Amino acid sequence: MVTQTVKEQNIYSAAFREFQAKRGSSGLSWLSRLRESAFDRFEQLGFPTTAEEEWKYTNVAPLAKTKFEPALERQAGKDESGELQLDEFLYPESQGSQLVFINGIYRSELSTLEALTEGVAALDLAEAFKDERYSGVVREHLARAADYNASGLTALNTAFLSSGAFLLIPRGVQVESPIHLLFLTDPRAAQPVTFPRVLIVAERESAATVIESYESLAEGSYLTNAVVEVALADGARIEHYKVQRESADAFHIATTAAELGRDSHYATTTITLGAQLSRHDISVSMNQAGAECHVDGLYIVGAGQHADTHSLIDHTQPHCVSRQ
């Protein structure tokens with residue numbers, strides 16, 4: 001265990017120090033402290049093992065042994081935006097309301113937001129950190145539902161917080177078009193590890209549908225380590241669809257954590273098709289009376305594929321309803 005933890009530190013420690021150094025002048029001391037705290041926790045926990053009850057059916061030892069290259073910046077000289085054909089990855093229902101990420105980095109020139117309902121915020125998390133209109137909301141909710149102290153993989157994602165998707169549905173707003181978050185991985189240059197991060201905040205009596213999808217631009221080995229946090233205020237309604245169609249040689253580890261307010265409704269459906277190994281942890285905290293959630297899933301996998309979904313629905317308050 002100690003030897004393996006040291007290997008994990010060697011793989012990611014240098015990348016993290018370089019990552020922090022480049023962002024040291026950002027002026028966001030709270031964010032820097034959050035990253036440092038999360039990386040410290042990753043060094044303590046490392047990758048989970050089958051000795052842990054919640055991971056006894058999924059062996060992620062190959063992830064710890066493989067030297068994946070953290071994809072933390074847009075690759076210089078690799079701008080292929082003019083050549084990319086995204087039609088096969090998109091959905092007609094969300095035309096005009098889609099945010100595109102390549103190797104975890106937001107690509108504004110590939111994204112289209114003209115169909116978004118007025119008042120809805122959909123932007124790069126890195127921009128939301130610095131925007132006075134949203135920075136307070138981000139700071140309030142980021143790393144709250146998804147506790148990095150409880151998971152080494154969540155801690156690693158939090159340590160490398162940078163680009164990501166931030167959605168804010170204002171009070172009383174009903175979003176007509178589904179919002180599509182498309183995460184594409186390009187594994188052709190190296191064996192990348194990407195850290196997609198999503199924060200969805202639905203204010204009181206608001207409603208929206210969000211599609212979160214993961215695809216690959218080419219076959220290859222890579223690791224996706226994704227964390228999604230959803231915060232619903234009183235009476236808010238979110239329909240959340242996740243489609244995982246990674247490369248056949250990929251590893252996909254994801255955490256979805258939702259906190260529900262009074263009389264709110266959260267419905268999530270996960271469709272798992274790709275990756276040689278995929279794991280999805282879903283946690284829903286029903287923090288106020290009258291909350292309701294539906295947690296559904298579908299997987300279609302073949303020989304050589306391993307898919308594991310682990311769900312926890314916490315009825316912290318009475319008079320809540322959940323269905324799986």
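Me: Is Leu298 buried, partly exposed or exposed?
Reply: This is a predicted model, in which local features need pLDDT of at least 70 and side-chain atom pairs count only at pLDDT 80 or more, while totals for chains, interfaces and linings use all residues. Residues are numbered from 1 along each chain as its sequence is written, and side-chain values use heavy atoms, with hydrogens and water left out. Buried means under 20% relative accessible area and exposed over 50%, with partly exposed in between (1.4 Å probe, protein chains only). Because its relative accessibility is 44%, Leu298 counts as partly exposed.

Me: In which strand is the place of Leu298?
Reply: Strands are DSSP runs of E with at least two residues, and helices are runs of H or I with at least four, both numbered from the N terminus. By that numbering, Leu298 has its place in strand S15 (residues 292-299).

Me: Which residue in S15 is the bridge partner of Thr268?
Reply: Two strands pair if DSSP finds at least two bridges between them. Strand S13 (residues 265-272) and S15 pair in the parallel sense over eight bridges. In S15, the partner of Thr268 is Val295.

Me: Which strands stand at the edges of the open sheet?
Reply: Eight strands form this open sheet, with mixed pairing, in the order S3-S2-S6-S9-S11-S13-S15-S17. Each edge strand has a single partner strand, so one side of each is left without a neighbour in the sheet; these are strand S3 (105-106) and strand S17 (321-323).

Me: How many aromatic pairs does the count come to?
Reply: Rings of Phe, Tyr and Trp (its six-membered ring) pair if their centres lie within 6.5 Å, and planes under 30 degrees apart count as stacked, over 60 as edge-to-face and the rest as tilted. By this rule, the number of aromatic pairs is 14.

Me: What kind of aromatic pair do Tyr12 and Phe42 form?
Reply: The ring centres of Tyr12 and Phe42 are 5.8 Å apart, with 90 degrees between the planes, which makes the pair edge-to-face. The pair links distant parts of the chain, as Tyr12 is in helix H1 (residues 2-22) and Phe42 in helix H2 (residues 29-45), 30 residues apart. Tyr12 counts as buried at 1% relative accessibility, and Phe42, at 1%, likewise counts as buried. The kind of pair asked for is edge-to-face.
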